[in-house]
Amino acid sequence: MSDKASELITIAHNNSERLIRLINDLLDVEKIESGKIDLKKKELNLVNIVEAAVEANKAYADKFNVNFQITYDEKSMLVNADSDRITQVLDNYLSNAAKFSHDNGTVLISCEYIDDKVRLSVKDDGRGISDEFKDRVFGRFAQADSSDRRAKGGTGLGLSICKAIMESHKGDIGFYNNKKAGSTFWFELNRVHIDVKTTKVINRPVDVLICEDDEDVAKLIQLMLKEKGIYVK
């Protein structure tokens, strides 16, 4: 193909991908509003879900020269939730943090206990949320007005869907601007306790050691197991 034809095809492809994202987000909004969203909730280790989401979004963050860094109170932090939907929220948080961080920035992801809750926080070092935009952050088609943020892409529905997902889990969601720079988006879910006095343990996470000399195959197995809430060494 000529350079001009190649450029036109690239433009068409990018526009098609944006339309697909928009349609998928609109379908999610419709499902949530109509109560048709099917949550497959189970006890799972939030740390494993976070690690898998970070690994899945690493290539995207690399495009913005941004690093992810995870900290957690314990390696096993159990919640009762739908793995796919929580991953959807994490993907949105992580991609937004990567897009709006400064070049060579670091996004801090933390899992911590707050009373009887497990809180997941994603902290970036970007510009933060303007006062004029704070009330509309979780609204539909909400995007900051500055042209460089619009150039980052997105449908403006992601955070609205995140809010609906957390509400369907009876969880909390919010954000705040950091003291120095950037913003922190968070959500909280009820903590699942293990009753050590009984023989019935609520889905205690299983530790698995992968023995595979092919690094790519081992990484694939690791990601698949982590999505199921299994801690992999």
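Is Asn104 buried or exposed? Select Asn104 to begin: its relative accessibility is 54%, and exposed means over 50%, so Asn104 counts as exposed. The model on screen is a predicted one.

**Asn104 and its loop**

Keep Asn104 selected and look at what lies on either side. Asn104 sits in the loop that runs between helix H3 (83-100) and strand S4 (106-114). Its backbone has a positive phi, near 65 degrees, in a residue other than glycine.

**Asp115**

Next, go to the loop between S4 and strand S5 (117-123), where Asp115 is found. Asp115 is not a glycine, yet it has a positive phi of about 55 degrees. With a relative accessibility of 72%, Asp115 counts as exposed.

**Leu120 in strand S5**

Now select Leu120, which has its place in strand S5. What is the relative accessible area of Leu120? The value is 0%, so Leu120 is buried. Leu120 and Ile173 are 53 residues apart along the chain, and their C-alpha atoms are separated by 9.6 Å.

**Strands S1 and S3**

Select residues 41-45, strand S1, together with S3. These two strands pair in the antiparallel sense, over 5 bridges. Strand S3 covers residues 78-82 and is mostly covered, with 4 of its 5 residues buried.

**Helix H5**

Move on to residues 158-168, which form helix H5. How many of the 11 residues of H5 are buried? The count is 8, and the helix is mostly covered. Then step just past the helix to Lys170, which takes a positive phi of about 60 degrees.

For the last stop, show the surface and select Glu212, Asp213, Asp214, Glu215 and Asp216. On that surface, these residues gather in a patch of negative charge. Asp216 is found in helix H6, which spans residues 215-227. Is Asp216 buried or exposed? Its relative accessibility is 63%, so Asp216 counts as exposed.

Methods. Residues are numbered from 1 along each chain as its sequence is written. This is a predicted model: local features need pLDDT of at least 70, side-chain atom pairs count only at pLDDT 80 or more; totals for chains, interfaces and linings use all residues. Side-chain values use heavy atoms; hydrogens and water are left out. Patches are made of residues with over 30% relative accessible area and no salt bridge: like charges are joined within 9 Å, nonpolar side chains (Val, Leu, Ile, Met, Phe, Trp, Tyr) within 5 Å. Accessible areas come from the Shrake-Rupley method with a 1.4 Å probe; for residues, only the protein chains shown count as cover. A salt bridge is a side-chain nitrogen of Lys or Arg within 4 Å of a carboxyl oxygen of Asp or Glu. Lys and Arg count as positive and Asp and Glu as negative; His and the chain ends are not counted. The place of a charge is taken as NZ of Lys, CZ of Arg, CG of Asp or CD of Glu. Buried means under 20% relative accessible area, exposed over 50%, partly exposed in between (1.4 Å probe, protein chains only). Two strands pair if DSSP finds at least two bridges between them.
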